[in-house]
Amino acid sequence: MANVTGIGGVFIKARGNADELRSWYRDNLGLVPEENGAVILNWGEDTAEDKGATHWCLAANDSAWFSPSQATFMINYRVDDMEGIIGRLNQAGTELFQGPETHENGIFAWVLDPDGNKIELWEPKIWNDNNKFE
């Protein structure tokens with residue numbers, strides 16, 4: 001049986017000026033596009049034990065998980081330095097919607113992009129012999 005093996009891309013239609021939205025992602029989250037306009041995220045550079053695994057989940061139609069965004073999606077961006085990302089967002093005048101919060105899998109924070117899409121930021125926990133689940 002043929003199966004999906006990963007996520008090949010995330011595509012967002014801008015509600016307003018696409019260049020301004022692209023600049024916000026570049027300046028605030030460090031997503032620097034290639035000449036073709038696409039950002040290439042190389043999982044091989046990820047230092048977490050899972051080597052950059054991507055989670056795919058569905059939410060119930062009455063879920064408040066994505067609120068206050070009206071979008072029917074939310075992207076979780078893995079980050080390597082939550083404190084640094086939050087500092088960059090604050091310097092740009094973008095306030096966190098929620099967080100940061102520490103959970104068993106790492107640190108999470110949430111922000112709204114200029115189009116009102118809720119974004120989840122995640123700094124994965126670095127596992128070692130002292131804190132691994134058995």
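1. Let's start with Arg26, which makes a salt bridge with Asp27, the closest N and O atoms being 2.8 Å apart. The term here takes a side-chain nitrogen of Lys or Arg within 4 Å of a carboxyl oxygen of Asp or Glu. Arg26 counts as partly exposed at 36% relative accessibility, and Asp27 is also partly exposed, at 43%. For the burial words, buried is under 20% relative accessible area, exposed is over 50%, and partly exposed is in between (1.4 Å probe, protein chains only).

2. Before going on, keep in mind that this is a predicted model: local features need pLDDT of at least 70, and side-chain atom pairs count only at pLDDT 80 or more, while totals for chains, interfaces and linings use all residues. Residues are numbered from 1 along each chain as its sequence is written, and side-chain values use heavy atoms, with hydrogens and water left out.

3. The structure holds 2 salt bridges. Arg22 and Asp19 both sit in helix H1 (residues 18-29), 3 residues apart, or about one turn of the helix. Helices (H or I, at least four residues) and strands (E, at least two) are DSSP runs numbered from the N terminus. Asp19 is exposed at 52% relative accessibility, whereas Arg22 is partly exposed at 37%. As background, side chains of opposite charge can pair when their charged atoms come close.

4. Now the sheet. It is an open one of 4 strands in the order S1-S4-S3-S2, with mixed pairing. S1 and strand S2 (98-103) are the edge strands, each pairing on one side only. The twist averages 20 degrees from one strand to the next. Two strands are said to pair if DSSP finds at least two bridges between them.

5. On the pairings themselves: S3 and S4 run antiparallel and are joined by 7 bridges, while S1 and S4 pair in the parallel sense over 4 bridges.

6. How do the helices sit? H1 packs on the sheet, touching S1, S3 and S4, and its direction makes about 25 degrees with that of S4. H2 lies across S2, S3 and S4, running at about 145 degrees to S4. Axes are lines fitted to C-alpha atoms, for helices over the stretch in contact, and angles run from 0 to 180 degrees between N-to-C directions. S4 is largely enclosed by the rest of the structure, because 6 of its 7 residues are buried.

7. Which residues of the largest nonpolar core touch the most other members? Of its 16 residues, they are Trp24, Tyr25, Leu29, Tyr77, Ile119 and Leu121. At least two residues of this core come from each of H1, strand S1 (75-78), helix H2 (82-91), strand S3 (106-112) and strand S4 (118-124). A second, separate core has 5 residues, including Phe66, Met74, Phe108 and Trp122. A nonpolar core is a set of buried Ala, Val, Leu, Ile, Met, Phe, Trp, Tyr and Cys residues joined through side-chain atoms within 4.5 Å.

8. Ile119 is worth a click. Leaving aside neighbours within four places in sequence, Ile119 is in contact (heavy atoms within 4.5 Å) with Trp24, Tyr25, Leu29, Met74, Ile75, Tyr77, Ala109, Trp110, Val111 and Asp113.

9. Ser69 is in the loop between H1 and S1, and is buried with a relative accessible area of 7%. The side chain of Ser69 reaches the backbone nitrogen of Ala71 at 3.0 Å. Setting aside neighbours within four places in sequence, Ser69 is in contact with Gly116, Asn117 and Lys118.

10. Last, Lys13, in the segment before H1. Lys13 is exposed, with a relative accessible area of 76%. From Lys13 to Ile126 is 113 residues in sequence and 33 Å in space, C-alpha to C-alpha.

Definitions and conventions
A polar contact is a pair of N or O atoms within 3.5 Å; within protein, one must be able to donate a hydrogen and the other to accept it, and residues adjacent in sequence count only if both atoms are side-chain atoms.
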